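Please look over the sequence and the structure shown below, and keep both at hand while reading the paragraphs that follow.

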Amino acid sequence: MKKNEINCECEIIHEDAVSEVRNCMLSEETTNRLANFYKIFGDNTRFKILFALDKKELCVCDLSSLLNMSISAVSHQLAVLRESNLVKTRRDGKVVYYSLADEHVQQIIECGIEHIAELN
């Protein structure tokens, strides 16, 4: 055991606590879907795109310029974000604008940033 590691030194199972939590556990399908959902946020490029879209609605060309990436690379990431229902589109003539799908996505981004800021 590492010096700073904190572990229980007994082998007692608190059945009432375990039972209470067991009754609240999510299904395997739900936990898999949530894990995949959060994996989307784990990619640096996708997070930058989401952060930018939290600030302003942008088209793929805007994002490409902002992130110094090819339009093709940004489009690929936007497709992943759209398939995951994290961003939505709006067409204005020939231009397609991207924005966050809803306020839940905005809250996830902002809570994550707030949490990281508190760690510093």
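How many bridges join E1 to strand E3, and in which direction do the two run? In this predicted model, strand E1 is joined to strand E3, which spans residues 95–100, by two bridges, and the pair runs antiparallel. Within E3, the residue that stands opposite Cys59 is Tyr97. This pairing belongs to an open sheet of three strands, whose order is E1-E3-E2 and whose pairing is antiparallel. Strand E1, at 58–59, and strand E2, at 87–92, are the edge strands of that sheet, each of them pairing on one side only.

From the sheet we may turn to the helices. Helix H3, covering residues 44–55, packs with helix H4, covering residues 60–67, at an angle of about 115°, and the axes of the two helices lie 11 Å apart; the crossing of H3 and H4 is right-handed. On the side of H3, the contact is made by Lys48, Ile49, Ala52 and Leu53, while H4 brings Leu63, Leu66 and Leu67 to it. Sorted by class, the residues in the contact of H3 with H4 comprise six nonpolar and one charged, with no polar residues.

By class, five residues in the lining of the largest pocket are polar, two are nonpolar and one is charged.

How values were computed:
Residues numbered from 1 in each chain as written. Predicted model: local features only at pLDDT ≥ 70, side-chain atom pairs only at ≥ 80, totals over all residues. Heavy atoms only, no water. Pairing = 2+ DSSP bridges. Helix = DSSP H or I, 4+ residues; strand = E, 2+ residues; numbered from the N terminus. Nonpolar A, V, L, I, M, F, W, Y, C, P; charged D, E, K, R; others polar. Axes fitted to C-alpha atoms, helices over the stretch in contact; angles between N-to-C directions. Left-handed = near helix turned anticlockwise from the far one by under 90°. Contact = heavy atoms within 4.5 Å.
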